[in-house]
Structure formats: C-alpha cells, structure tokens
Amino acid sequence: MVVLSNPGIEQLSSLRNCKPTTLFSGIPIIDPSKSDSKHLLVKACEDFGFFKVVNHGIPMESISRLESEALSFFSLPLSEKQKAGPPNPFGYGNKIIGPNGDVGWVEYLLFTINQESISQRFISEDFRSALNDYISGVKKMACEILEMMADGLRIQPRNVFSKLLMDEQSDSVFRLNHYPPCTGPGIHTLNSNNMIGFGEHTDPQIISVLRSNNTSGLQISLGDSKWISVPPDQNSFFINVGDSLQVMTNGRFKSVRHRVLANSMKSRVSMIYFGGPPLREKIAPLAPLMKGEEESLYKEFTWFEYKTSAYNSRLADNRLLLFQKI
Ligand code: GA4
C-alpha cells in the first residue's frame with residue numbers, strides 16, 4: 001500500500017492561478033424526446049464536445065437519494081472516510097488526484113463498475129444500493145444518447161458506440177466529488193478567489209455524464225485559453241465527449257477540456273459516470289465515418305494501452321498526443 005502524505009502549501013498555492021472567465025449561456029441543450037435532437041447533438045459534439053440533457057427521464061428521487069448518501073459520507077470525520085482509501089485507483093481520496101502529483105480542493109470517492117453495479121465494500125449497503133440504482137439509470141441514458149449520436153452521424157448499427165458500454169466487460173468508472181466551501185480561516189490564506197477544485201483535463205473514456213447540485217464551478221474550454229463558466233442546473237445532466245469518442249470519430253467530435261473551481265461559499269457535490277469500453281477494445285476511427293481518402297489521425301491502440309498511459313500522465317496532459325500520427 002502506498003501512503004501519500006498531504007500536499008504541501010507550495011502545491012496547494014498552485015491551485016490559485018486562474019485566468020479570467022466568461023459566463024456562458026449558450027451551452028447546447030438536448031431534449032431526447034424532440035425529433036431534431038440527433039442533429040443538434042452531432043453539432044454540439046463537433047462544436048463543443050459538451051451539452052446539457054433536459055427531459056432525461058431519470059427520477060429526481062434516485063438522484064436525491066444518491067446525493068444525500070454522498071453528503072452523509074462526506075460529512076463523516078476524516079479518519080472514518082480514510083478507511084475507504086487511499087484511491088489506488090479506487091476508494092476515498094482527499095486533495096490528491098491520480099498517482100502523479102496532481103492536487104485539488106476536492107475530496108472524492110472513485111468506484112469501478114462491474115457488470116452494471118458497484119460491489120466495493122468500503123461503503124454502506126444503503127449507499128451501494130443508491131449508487132447502483134442511479135448508475136443503471138444514467139447508463140441507460142448514456143446509451144440512448146450514444147445511439148442518437150450514431151443516428152445523427154448516419155452510421156450503423158446504431159449501437160456502434162453504446163454496445164461498448166453495454167458489454168459485460170465495459171471498463172466504466174463512477175466518481176463522487178465533494179468540493180468543500182472555501183470559508184475556513186486557514187483556507188483564505190491559500191486562495192484569494194478562484195481556487196482550483198479539479199484541474200483542467202479531458203476525460204479518457206467515451207462519454208461522461210455529470211450531475212451536480214446547484215453550486216457553480218464547472219468550466220469548459222473551447223481550445224483558446226478562455227474558460228467558459230457553465231451555469232449549474234441540478235435538474236439536468238451535462239455530457240462530455242471523451243478522448244476515445246474523439247478518436248472513434250477521427251477528431252470530428254471534440255473531447256472537451258474542463259475544470260472545476262471551488263470558489264463558492266456553498267459546497268459543490270457532483271456525480272459522474274464515465275462510460276468506457278472493454279480493456280481489449282481497439283480504439284480507432286469508425287470506417288463509415290471516413291470520407292474518401294481520409295486517413296486516421298491516430299495510431300491504433302487498445303483501451304488498455306490508453307488507460308495505462310493515462311495513469312502515467314499528469315491531469316492536464318494532452319493524452320492523445322502520444323497516439324497521434326504526425
Ligand atoms: C480524469 C477523468 C476521471 O475523473 C478519472 C481520472 C483519473 C483519477 O482520478 O484517478 C485520472 C484522470 C481521470 C486522467 C489522468 C490520470 C487518471 C487522474 C490522473 C492524473 C477517474 C479517469 O478515468 O481519468
């Protein structure tokens with residue numbers, strides 16, 4: 001077992017360097033019940049790699065139940081929470097993100113999803129049941145969205161993406177993040193305004209489905225150095241294109257760079273489902289998406305190879321660079 005010490009002041013002070021941001025109300029909104037949504041969806045993935053899903057059909061009760069279980073866990077004494085850690089790679093983590101020195105103003109629980117459910121024993125049975133109920137709803141929704149994407153791209157079979165999440169061996173992950181408010185006396189000395197909760201990065205998987213409480217913090221970047229603040233919406237889901245989907249569409253869909261600022265007086269709680277393929281899966285552009293002589297922008301790799309290299313990277317790294325053809 002590797003025991004990591006708490007990050008030092010120097011590391012935490014690096015969490016402060018945030019450039020000015022733009023408040024943005026133009027996030028694409030997808031209502032899956034509307035007939036034109038598949039085209040809007042494709043456009044959103046091309047332009048932003050990010051959109052909001054409304055009218056999603058996931059019962060608020062299932063969402064609230066998980067949120068309250070998560071809050072009860074995060075309000076336990078640190079020594080209790082640490083019994084569920086360290087996260088190598090699954091379990092409870094505090095400030096330290098990943099294995100390579102990244103830190104954030106965040107505590108979290110990371111789970112692997114085996115065949116539909118979470119079996120990790122480090123949480124209570126009620127908590128596990130709330131997680132499994134929520135995950136089954138969110139996974140179904142993610143698959144519907146992926147099928148609409150295939151329709152919008154006019155490729156078949158329509159489960160070409162969703163089958164990867166449905167596969168018994170799908171390597172999907174679930175994350176609960178808690179960004180405590182920045183109000184304590186000692187904390188103010190470390191951060192003036194914008195404290196980095198979770199540093200900038202792209203998600204390695206195919207698709208990520210995020211839900212948060214009504215506390216702001218999430219920002220996306222559209223490739224320039226500006227950050228766009230995403231207004232929170234606790235009744236909707238936000239979806240990210242991940243690196244693997246960018247590759248499968250040969251760069252047509254953009255894996256969106258995002259981060260979270262913990263500059264609020266209120267705590268932020270988010271729950272994210274990361275839909276990934278089976279480890280053996282070859283990740284490469286889909287033939288029906290290649291026009292004429294179009295060539296793959298990427299060298300071929302398996303999800304196992306990509307994931308292994310991701311765990312050797314720093315959070316902010318461009319992980320696809322290694323796999324890009326020059
Ligand atoms: C980013 C997306 C998911 O949160 C995650 C993260 C993972 C971790 O927290 O253990 C990683 C990060 C994420 C990519 C690079 C490596 C691995 C932290 C890190 C520095 C669970 C994932 O799958 O990749």
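In which crossing, left-handed or right-handed, does H3 pass H5?

## Basis of the model

This is a predicted model, in which local features need pLDDT of at least 70 and side-chain atom pairs count only at pLDDT 80 or more, while totals for chains, interfaces and linings use all residues. Residues are numbered from 1 along each chain as its sequence is written.

## Overall make-up

The protein contains nine helices and 15 strands, taken as DSSP runs (helices H or I, at least four residues; strands E, at least two) and numbered from the N terminus. Of its 326 residues, 42% are buried, that is, have 20 or more other C-beta atoms, placed from the backbone, within 10 Å of their own.

## Packing of H3 and H5

Helix H3 (residues 60–74) packs with helix H5 (residues 125–152) at an angle of about 140°, their axes lying 9 Å apart; the axes are lines fitted to C-alpha atoms over the stretch in contact, and angles run from 0 to 180 degrees between N-to-C directions. That makes H3 oblique to H5, since angles under 35 degrees count as roughly parallel, over 145 as roughly antiparallel, 65 to 115 as roughly perpendicular and the rest as oblique.

H3 passes H5 in a left-handed crossing, meaning that the near helix is turned anticlockwise from the far one by less than a right angle. The residues of this contact divide into seven nonpolar, two polar and four charged, where Ala, Val, Leu, Ile, Met, Phe, Trp, Tyr, Cys and Pro count as nonpolar, Asp, Glu, Lys and Arg as charged, and the others, Gly among them, as polar.

## Shell around the ligand

By class, the shell around the ligand holds nine nonpolar, four polar and three charged residues.

Conventions
A residue is buried if 20 or more other C-beta atoms lie within 10 Å of its own, exposed if 12 or fewer, and partly exposed in between; C-beta atoms are placed from the backbone.
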